[in-house]
Amino acid sequence: MSEAGIVIVGAGEAGARAALALRENGWTGAVTLIGDEPHPPYERPPLSKAVIVAAGELDPPTILDTARMRDNRIDFLPGATVVRIDRGAHRLALADGRHLSYSQLLLATGSRARPLAIRGSQNLLYLRTYAEAIALRRRLQAGMRVGIIGGGFIGLELAASATARGCEVTVIEMAPRVLMRGVPEEIATTIADRHRSAGVDLRTGVGINGIEAQDHRQVIVTADGARIVCDEIIAGVGAVPETALAKDSGLDIENGIRVDGHLRTSDRDIFAAGDCCSFPHALYGDRRVRLEAWRNAQEQGATAARNMLGAATAHEAVPSFWSDQYNVTLRIVGLPDTAVSTVTRRLGDGACLYFHLGADGRLMAASGIGSDSMIAKEIRLAELLIARQRQPAPDELENPNVRLKSLLNS
Amino acid sequence: MSSGWIEACKADDIDAEDVIRFDHDGRTFALYRSADDEYYATDGLCTHESFHLAEGLVMDNIIECPKHNGRFDYRTGEAKGAPVCVNLKTYPVKVEAGKILIDLG
């Protein structure tokens, strides 16, 4: 066996980014990237959108192809599952019987779709992987009746994509409104209206009693007594961090694999990054957060790589999130629930920015909705204001004639 | 195919440390003015998911695509890390009599 190097468990956004970052930061030892899917690392955001609506079947949107992994001397093990970490011996056991030594280990195990545990739920569809996206795409045919359980991001993006494929879509959300978690109400309302105008039957505040079979179809039985007959039912009720491996090896767990501000777990030779970990966010008083977001996975992968090489960099990137539905993009930077007031800037054409201010007037978060060409750059500037902990005057934030870039330099 | 030097816009059409879009003959470009009033031109679309870079943010010598934060050095077109790995094509630019000219080759 070759010399023990850095091993990365999980070949998603965080793991792939970390592998590259190790090379960019000068690491010349071995890098092994272990993925449990058969494909080279690919981007997940298109799975609920482009991959579903494309005229043909798209290949996985690859982050790191075989040639680039070879050029960077990344030893990629696809279709491999790590079943055990022997922390004392610095050794991993794989499901196929192989063993692998590591000097340092990065857990980038991601998250998985939360299973919906209700009566009759065994035939529900979920979306997490490319294979699941392709399977969904094949099933969603024009004219079909599709039930979507959950009005979060996955549920709503799939509602838009299924509508684009000509399906008749019903979305059922138990909470009083869609996007309850982390999305300001103004934006959730705009998104809900957009879905309704596209013909989606969106029902909020509705619980589900169970799923029943009826003439080769499935029926969602709601708590208010409605029976919604569906050809297919998709559940999008959140994700759970993939922590089993870490937990079994005795690492601290707290809403994900618990890491410190440098993304180090309770074992000094093991780091974690991406959806699977919770970390104290320095910008928000070290509040412990776990983020399920593409940008975060990328940035944490890079931070973890640098810290494995001795950098001791705190992870302070502003949380950043986007969702595309129909021709509308929603963007959120920062943590809106840390704010006490909101200032609105209307950009025209229905595009809107919301600035979420803390008790001391500090910009804690910003959110925007509209076409991306109207909001993307503005939200990026807001992100820089948040990172610099600025306290912009509310009347300037409100006024679309005041350039955000000028607030950055003031 | 167009070739040679094409007049794109007036020098004053671009603010310092900013970018605008320029379309010509079915192609789209991004024209930049640096903080120290140098002018540059690149292909218009980000090499990641084809979002127009003229919607992006210019900071120092970097153009950042606002869609997914792909970054390029707009002077050389060099991709500066995830999620972009394909460089941007650049074009020679000159200023004559207050006009920006771009050499489309």
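This is a predicted model: local features need pLDDT of at least 70, side-chain atom pairs count only at pLDDT 80 or more; totals for chains, interfaces and linings use all residues.

Colleague: How do β2(B) and β3(B) pair, and over how many bridges?

Modeller: When you look at two strands, check their direction and count the bridges. Here β2(B) and β3(B), residues 27-33, run antiparallel, with 7 bridges.

Colleague: Which sheet of chain B do they belong to?

Modeller: Read a sheet by its strand order. This one is open, has 4 strands and goes β2-β3-β4-β8 in chain B, with antiparallel pairing.

Colleague: Okay, over to chain A. Into which domains is chain A divided?

Modeller: Domain 1 covers 5-111 + 240-308, domain 2 is 115-237 and domain 3 is 327-409. Domains 1 and 2 of chain A have C-alpha centres 30 Å apart. Their contact draws 11 residues from domain 1 and 14 residues from domain 2. On the domain 1 side, that's 6 nonpolar, 2 polar and 3 charged residues.

Colleague: Which residues have the most contacts inside the largest nonpolar core?

Modeller: A18(A), L106(A) and L107(A), in a core of 145 residues. Beyond its sequence neighbours within four places, A18(A) touches several residues, among them I8(A), L106(A) and A273(A).

Colleague: And how many residues does each chain bring to the contact between them?

Modeller: Chain B gives 8 residues and chain A gives 10. The chain B side splits into 3 nonpolar, 2 polar and 3 charged.

How values were computed. Residues are numbered from 1 along each chain as its sequence is written. Chains are lettered from A and ligands numbered from 1 in the order in which they are written. Two residues are in contact if their C-beta atoms, placed from the backbone, lie within 7 Å. Ala, Val, Leu, Ile, Met, Phe, Trp, Tyr, Cys and Pro count as nonpolar, Asp, Glu, Lys and Arg as charged, and the others, Gly among them, as polar. A nonpolar core is a set of buried Ala, Val, Leu, Ile, Met, Phe, Trp, Tyr and Cys residues joined through C-beta atoms within 7 Å. A residue is buried if 20 or more other C-beta atoms lie within 10 Å of its own, exposed if 12 or fewer, and partly exposed in between; C-beta atoms are placed from the backbone. Domain bounds come from an automatic or database domain assignment. Two strands pair if DSSP finds at least two bridges between them.
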